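Dear colleague,

Please find the structure below, handed over for your records.

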Amino acid sequence: MNCHNLCFPPESATCYLGEPMCGRYASARKRTELLEEFGVERDRVSEPLEPDYNVAPTKSVYAVLTGRPRGTGEQQDGDGAQADAAQADGARADGAQADGVRAAPAGPAGRDAGEARELRVVRWGLVPFWAKDPKIGSRMINARAETVSVKPSFRRAFAHRRCLLPADGYYEWYRPGADAKAAKQPYYMYRADGGSLALAGLYELWRNREFPDDHPDAWLWTSTIITTSAPDELGRIHDRMPMVIQPELWADWLDPGNTDTGDLLGLMAPAGSGGLVIRPVSTAVNSVRNNGPGLIEPAEPESAGRASSGSPGEPPARSPRLPSGASQGAPGSSPDTLF
């Protein structure tokens, strides 16, 4: 059973954690906090998002990216796709930046005039510019680091449209014991110092031809999270994990003029490389209708199964990595849609 058929739209009651697992994360920081933490120079958020402790695919999320001035042809490329017209809402945002508006200072040496680090709201689930139907985004929530530079769905965005997706932490699920029918236990993973995870992401713009250029719905901004293989200590829960960008590398990652594939791949690091705290949380997070800070609070594992370590509901010290469509090619799953 493909989990993506059960998780969309986000208002659906429950995501049944069957064969592949859904991506979920928490993003509860206020817009004003993100403006400061990420050094945002141009605020493009007209309506701040509410704290979300259960971010699911197709939801609106914050993204940090480098925006170019309109009229530069930023989104013109060899495919003939219009790019900077797709900064469509830029004109509207100029007059709707609410409180906390910031004027972009002169850019650092080497940055094009008018470029600035922006905070925007995008939808999680990347829709390629060539897509005929935006519903494809529900299958594009993750991009594998191993193939992101060559996959048709992601290679153009990887070359020119990289972003940071701020997260407080993320969830993974683990099924203890050998019973394939046993319920999975959710775990929350976060930085020990409480800092943000700057998830390595890509964004795209999709033109909705049903509307004129100046219509609020003419352009759809979407994103995806880049993932990699998880180290053993995290791979026992799930074999994929998000990539992150360290603060000192944000400028290089967000530079749209940086198109060196080797350099870009080298900027990313597995989320676990800096050390993560892992704790079991309530199965209430299984339902996307549930939200609030209680979802990330520690909870006793609810699974009755006994892992090889002998502790009920706890991941074993070492175990075979959980199967996923990303690495095993499971029928009905997409290789680019799993954490």
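The notes below cover the nonpolar cores, one aspartate, a pocket and a cavity.

This is a predicted model, in which local features need pLDDT of at least 70 and side-chain atom pairs count only at pLDDT 80 or more, while totals for chains, interfaces and linings use all residues. Residues are numbered from 1 along each chain as its sequence is written, and side-chain values use heavy atoms, with hydrogens and water left out.

The largest nonpolar core comprises 33 residues. Here, a nonpolar core is a set of buried Ala, Val, Leu, Ile, Met, Phe, Trp, Tyr and Cys residues joined through side-chain atoms within 4.5 Å; buried means under 20% relative accessible area, with a 1.4 Å probe and protein chains only. L164, I226, W253 and M268 have the most contacts inside this core. Two or more residues each come from α2 (31-37), β4 (60-67), α4 (155-160), β10 (197-207), α6 (250-254) and α7 (261-267), and β10 gives the largest share, 4 residues. These elements are DSSP runs numbered from the N terminus: helices (H or I) of at least four residues and strands (E) of at least two.

Leaving aside residues up to four places away in sequence, L164 touches F38, Y62, A63, V64, A198, L199, I245, W250, W253 and L254 (contact: heavy atoms within 4.5 Å). Another core, of 29 residues, lies apart from the largest one and includes V55, I141, M189 and I225.

D43 belongs to strand β2 (residues 42-43) and is buried, its relative accessible area being 0%. Its side chain makes a polar contact with the side chain of R31 at 2.8 Å and reaches the backbone nitrogen of V45 at 3.0 Å. A polar contact is a pair of N or O atoms within 3.5 Å; within protein, one must be able to donate a hydrogen and the other to accept it, and residues adjacent in sequence count only if both atoms are side-chain atoms.

The search of the whole structure finds 1 cavity of 30 Å³ or more. On a 1 Å grid over the protein atoms alone, a cavity is a set of points where a 1.4 Å probe fits but cannot get out; a pocket is an open set with protein on both sides within 12 Å along at least five of seven lines, and lining residues have an atom within 4 Å of a point. The largest cavity is lined by S27, A28, R29, L34, P166, A167, D168 and S196. In the lining of the second largest pocket, with 19 residues, R191, S196, L197, V244 and Q246 lie nearest the centre.

Definitions and conventions:
Buried < 20%, exposed > 50% of the residue type's maximum accessible area, 1.4 Å probe, protein only. Points joined across faces, edges and corners; volume = space filled by probe spheres on them.
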